[in-house]
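Please keep the sequence and the structure in view while you read.

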Amino acid sequence: MAAREPKPIENPKTCLVLRGGNCSQVVQDALNDLYSMHQPHAKKFSKKNPIHPFEDATSLEFFSEKNDASMLLFGSSQKKRPHAITLIRTFGYKLLDMLELHLDPATFCALAQFKTKKFSIGQRPMLLFAGTAFESPVANEYTLAKSLFIDFFKGEPADKIDVEGLQYIVSFTAEEERTVDAKPVLHMRVYLIRTRRSGQKLPRVEVDEIGPRMDFHVGRMRVPDEAMLKDAMKTPRGLVERPKKNITTDTMGDKIGRVHTGKQDLGTMQTRKMKGLKRSRLDDEEVGVEDVAEEEATKRSKQ
């Protein structure tokens with residue numbers, strides 16, 4: 001119980017892979033490849049589970065709590081929704097959000113079909129999301145898919161990353177919308193990065209596809225509840241430094257401070273005692289002559 005308590009920096013998310021009562025062989029192969037890519041933080045069930053995630057998620061929440069898994073991959077195949085892979089995310093062992101993706105069996109290539117060098121277990125991949133659908137300001141299926149895949153391939157947190165460990169990249173590409181009704185197809189490709197000598201300071205980079213190759217059609221989705229999402233997005237105190245008020249940094253990196261003062265009443269200032277504002281003798285004599293002339297003029301007018 002102590003290991004499952006909330007922590008300032010959480011452990012890497014464990015993913016539970018399971019299949020429904022009806023699951024095609026194509027979906028099983030795809031689940032096996034995703035399971036191997038998420039190692040060593042992954043668990044897999046071999047038995048069938050008659051579960052319908054969008055109708056009742058009680059069993060999924062039970063499996064999540066029992067196996068301490070915050071992400072689930074559920075594979076199923078039905079006549080109405082063939083070759084479906086559902087990505088599920090939980091918070092506090094309660095369902096947060098999920099997205100259904102339909103795998104295209106015609107273009108699917110398993111990891112074993114590629115006769116190239118494979119990546120090592122536990123390495124963190126680089127992620128590439130190409131397409132305007134991922135950058136939509138309004139939350140949709142593709143922004144949810146981007147968030148789920150980032151959590152799936154996130155791995156262990158690291159303050160410093162060695163460049164030698166960046167050996168493969170996972171690319172997600174969303175096609176441009178051709179018609180209003182048809183949704184863009186989501187292409188997933190995995191490449192191995194190779195560096196070659198180029199005769200210059202920087203090496204020449206080449207990529208080789210190592211699989212798996214998957215094309216998805218977006219299906220159903222379930223958005224998170226606002227209150228639960230707000231709790232899930234909270235950051236613990238102490239991790240993020242609070243910004244200081246009235247202190248900013250300009251483009252050159254210099255700190256700029258702003259000081260607020262109260263309203264000044266210039267009428268109460270004692271300006272006569274300041275040396276810079278002290279009158280000279282000539283000014284006093286001129287003022288005296290003018291005053292005497294004014295007094296004589298007023299006396300004559302009264303007479």
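## Terms and source

Helices (H or I, at least four residues) and strands (E, at least two) are DSSP runs, numbered from the N terminus. This is a predicted model, in which local features need pLDDT of at least 70 and side-chain atom pairs count only at pLDDT 80 or more, whereas totals for chains, interfaces and linings use all residues. Residues are numbered from 1 along each chain as its sequence is written, and side-chain values use heavy atoms, with hydrogens and water left out.

Helix 2 spans residues 58-67, and its buried residues (buried means under 20% relative accessible area, exposed over 50%, partly exposed in between, with a 1.4 Å probe and protein chains only) are Leu60, Glu61, Phe63, Ser64 and Asn67. Because these residues cover an arc of only 160 degrees around the axis, they lie on the same side of helix 2; the arc is that of the directions from the helix axis to the C-beta atoms.

The buried residues of helix 2 pack against strand 1 (15-19), strand 2 (42-48), strand 3 (71-76), strand 4 (84-91) and strand 5 (94-103), where contact means heavy atoms within 4.5 Å. Helix 2 is followed by aspartate 68, which has a positive phi, near 55 degrees.

## Aromatic pairs

A search of the whole structure finds eight aromatic pairs. Rings of Phe, Tyr and Trp (its six-membered ring) pair if their centres lie within 6.5 Å, and planes under 30 degrees apart count as stacked, over 60 as edge-to-face and the rest as tilted. Phenylalanine 45 and phenylalanine 63 form an edge-to-face pair, 5.3 Å centre to centre and with 85 degrees between the planes. Since phenylalanine 45 lies in strand 2 and phenylalanine 63 in helix 2, the pair ties together parts that are 18 residues apart in sequence.

Phenylalanine 63 is buried, at 16% relative accessible area, while phenylalanine 45, at 24%, is partly exposed.

## Arginine 189

Arginine 189 is in strand 8 (residues 186-196) and is buried, with a relative accessible area of 17%. The side chain of arginine 189 reaches the backbone oxygen of methionine 214 at 3.2 Å, and a polar contact of 3.0 Å joins the side chains of arginine 189 and aspartate 215. A polar contact is a pair of N or O atoms within 3.5 Å; within protein, one must be able to donate a hydrogen and the other to accept it, and residues adjacent in sequence count only if both atoms are side-chain atoms.
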